[in-house]
Amino acid sequence: YKEALSIYEKSYGKDAIQVSNALNGLADVYRHQKLYSEAAPLYLRAKQIREKVAPDHPDYADTLNGLADVYRKTGKNSDAAILYTKVLDIRKKAFGANHPKTAKALENLANAYTASGKVDMAEPVYENLIATRESLNGLEDPKVAQALEDLAAALTKNGKFKKAESRYKRALAIREKNAKADPAALATCLNGYSQLLRKTGLNDEAAKLEARAKKPAGK
């Protein structure tokens with residue numbers, strides 16, 4: 001990527017779209033290696049080029065998404081949420097509401113809102129995500145369960161215990177059907193649900209779920 005970047009800059013100039021592609025690729029490499037301080041300035045350069053050339057193109061959304069991920073990993077969740085909002089808007093226009101990339105943008109935005117303490121803003125995004133996952137993957141898909149669990153955890157933080165419990169119940173039903181394929185996910189769901197029950201004083205029920213979480217699937 002470094003070699004390509006050098007060639008592109010000499011051949012096309014520093015603001016060419018080819019340069020942005022190399023910058024984004026190199027930034028992705030650094031991000032996946034958790035070298036966030038190296039990745040961020042590259043994403044920013046790619047962003048400046050792409051937003052001038054094609055601000056509605058999915059490639060621009062990918063650059064924004066990479067930069068937002070760096071912000072998430074470095075604790076800048078509010079900044080990440082702003083970028084994820086733009087990513088979502090571009091992907092909706094490019095791919096439509098029911099598309100895996102659109103769903104991923106919803107997931108990232110909701111998680112960023114939650115991490116920055118904006119649970120009220122996260123809640124409708126999670127609900128949208130759940131509906132999108134159901135449409136894409138079916139009502140009993142593990143990705144639906146994960147979205148339900150994430151929403152339930154956010155609702156629990158916000159003190160909306162009844163709403164959280166209904167989401168945990170739906171998630172648990174899905175996890176139980178997929179228990180043999182992914183027992184760890186079932187255990188995680190059971191433990192999350194038990195934490196909610198303890199917050200509402202239902203310690204005996206919580207203990208039962210915790211005991212179930214420790215058992216191997218099917219036992």
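Me: Starting with helix α9, how many residues does it have, and how far does it reach?
Reply: In this predicted model, helix α9 covers residues 161-177, which makes 17 residues, and it reaches 24 Å from its first C-alpha to its last, close to the 24 Å expected at 1.5 Å a residue.

Me: Which residues of α9 are buried?
Reply: The buried residues of α9 are Ala 164, Arg 167, Tyr 168, Ala 171, Leu 172, Ile 174 and Arg 175. They cover an arc of only 160 degrees around the axis, so they sit on the same side of α9.

Me: And on the other side, what is exposed?
Reply: Lys 162 and Lys 177 are exposed there, on the other side of α9.

Me: What do the buried residues of α9 pack against?
Reply: They pack against four helices, namely α7 (119-137), α8 (142-157), α10 (183-199) and α11 (203-214).

Me: What box do the C-alpha atoms fill?
Reply: Taken along the principal axes, the C-alpha atoms of the chain fill a box of roughly 70 × 30 × 30 Å. Of the 219 residues of the chain, 44% count as buried.

Me: Which residues are buried in α3, and what covers them?
Reply: In α3 the buried residues include Tyr 36, Leu 42, Tyr 43, Lys 47, Ile 49 and Arg 50, along with Ala 39, Ala 40 and Ala 46. What covers the buried residues of α3 includes α2 (17-32), α4 (58-73) and α5 (77-95).

Me: New topic: where does Asn 108 lie?
Reply: Asn 108 lies in helix α6, which takes in residues 100-115.

Me: Buried or exposed, and why?
Reply: Asn 108 counts as buried because its relative accessibility is 9%, and buried means under 20%.

Me: Which residues is Asn 108 in contact with?
Reply: Leaving aside its neighbours within four places in sequence, Asn 108 is in contact with Asn 65, Asp 69, Arg 72 and Tyr 84.

Me: Last one: how many positive and negative side chains are there?
Reply: The chain has 38 positive and 27 negative side chains, and the centres of the two sets lie 2 Å apart.

Key
Residues numbered from 1 in each chain as written. Predicted model: local features only at pLDDT ≥ 70, side-chain atom pairs only at ≥ 80, totals over all residues. Heavy atoms only, no water. Helix = DSSP H or I, 4+ residues; strand = E, 2+ residues; numbered from the N terminus. Expected span 1.5 Å × (residues − 1). Buried < 20%, exposed > 50% of the residue type's maximum accessible area, 1.4 Å probe, protein only. Arc of directions from axis to C-beta. Contact = heavy atoms within 4.5 Å. Lys, Arg positive; Asp, Glu negative; His and termini not counted. Charge placed at Lys NZ, Arg CZ, Asp CG, Glu CD.
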